[in-house]
Amino acid sequence: FTYSRDLDPWYRVPLAIFNHALVALALLGAALLPGRAPRNVTILIAALVAAHLAVHATTAVEMRFGLPLLVLAGPLAAWACLQWRKWPVRACLVAIIMVVAYVGAALVLSSWVREQAPSIRAWQTPPAPGRT
């Protein structure tokens with residue numbers, strides 16, 4: 001949305017769960033790449049991620065500039081899910097626990113960051129004339 005007027009819409013938590021699960025599965029897929037995917041695919045994806053981070057990690061860019069990594073996350077997450085069929089049950093359970101832990105930690109951190117907003121706004125607001 002261009003302008004967010006409601007900072008706590010009904011879809012915030014379900015969408016956050018979906019987004020963070022996608023990222024967690026994509027990270028799992030990226031971790032599996034070196035051993036299971038062709039070398040040129042692994043190098044290409046690593047180069048794309050490194051170039052994106054080199055350009056945007058050190059600047060204050062808008063959220064929309066993260067889109068290339070999210071577009072890459074979809075196929076990586078799907079590929080990770082397809083790899084699970086080949087794993088033993090114990091490895092699948094460990095992977096599921098890791099994804100759930102990642103999503104839970106991301107939601108807790110997100111809530112903590114949202115709680116900091118009033119303090120940040122108060123710090124950034126200049127004092128009224130005549131007050132120090």
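Biologist: Is R12 buried, partly exposed or exposed?
Modeller: R12 counts as partly exposed, at 24% relative accessibility. Please keep in mind that this is a predicted model.

Biologist: Which residue does R12 meet in a salt bridge?
Modeller: The partner is D8, and the N to O distance between the two side chains is 3.0 Å. D8 is itself partly exposed, with a relative accessible area of 48%.

Biologist: And how many salt bridges does the count come to?
Modeller: The count comes to two salt bridges. Besides the one between D8 and R12, there is a salt bridge between R114 and D8, where the closest N and O atoms are 4.0 Å apart.

Biologist: Which parts does the pair of R114 and D8 tie together?
Modeller: R114 belongs to helix α4, whereas D8 is in the segment before α1 (12–36), so the pair links parts that lie 106 residues apart in sequence. R114 is partly exposed, its relative accessible area being 34%. Through shared partners, the salt bridges join D8, R12 and R114 into one network.

Biologist: Let us step back. How many helices and strands does the protein chain have?
Modeller: The protein chain has five helices and zero strands. Along the sequence the pattern therefore reads α-α-α-α-α.

Biologist: What about its overall dimensions?
Modeller: The protein chain has a radius of gyration of 19 Å, while a compact globule of 132 residues would have one near 14 Å. Taken along the principal axes, the C-alpha atoms fill a box of roughly 70 × 30 × 25 Å.

Biologist: What share of the residues is buried?
Modeller: Buried residues make up 20% of the 132 residues in the protein chain. The accessible surface comes to about 10300 Å², and 70% of that belongs to carbon and sulfur atoms.

Biologist: And the contacts along the chain?
Modeller: Among contacts in the protein chain with a separation of 6 or more, 77% are between residues 24 or more positions apart.

Biologist: Back to α4, then. Which residues form the nonpolar patch on the surface?
Modeller: The patch is formed by V89, L93, I96, I97 and V100, with about 500 Å² of accessible area together.

Biologist: Take I97: where is it found, and is it buried or exposed?
Modeller: I97 is found in helix α4, which covers residues 89–115. I97 has a relative accessible area of 57%, so it is exposed.

Biologist: How about I96?
Modeller: I96 also lies in helix α4, but I96 counts as partly exposed, at 40% relative accessibility. The C-alpha atom of I96 is separated by 35 Å from that of P118, and the two residues are 22 residues apart along the chain.

Biologist: New topic: cysteines. How many disulfides does the structure hold?
Modeller: The structure holds zero disulfides. C81 is in no disulfide, and the nearest cysteine sulfur, that of C92, is 10 Å away. For C92 the nearest cysteine sulfur is likewise that of C81, at 10 Å. A disulfide would require the two sulfur atoms to be within 2.5 Å.

Biologist: Are those two cysteines buried or exposed?
Modeller: C81 is partly exposed, with a relative accessible area of 34%. C92 counts as buried, at 16% relative accessibility; the limit for buried is under 20%.

Biologist: Which helix does H52 lie in, and is it buried or exposed?
Modeller: H52 is in helix α2, residues 39–56. Its relative accessible area is 12%, so H52 is buried.

Biologist: Which residues is H52 in contact with?
Modeller: Leaving aside neighbours within four places in sequence, H52 is in contact with A57, F65, G66, P68 and L69.

Notes:
Residues numbered from 1 in each chain as written. Predicted model: local features only at pLDDT ≥ 70, side-chain atom pairs only at ≥ 80, totals over all residues. Heavy atoms only, no water. Patch = residues over 30% accessible without salt bridge, like charges linked within 9 Å, V, L, I, M, F, W, Y side chains within 5 Å. Areas by Shrake-Rupley, 256 points an atom, 1.4 Å probe, with all protein chains shown as cover. Helix = DSSP H or I, 4+ residues; strand = E, 2+ residues; numbered from the N terminus. Buried < 20%, exposed > 50% of the residue type's maximum accessible area, 1.4 Å probe, protein only. Rg over C-alpha atoms; globule rule 2.2 N^0.38 Å. Contact = heavy atoms within 4.5 Å.
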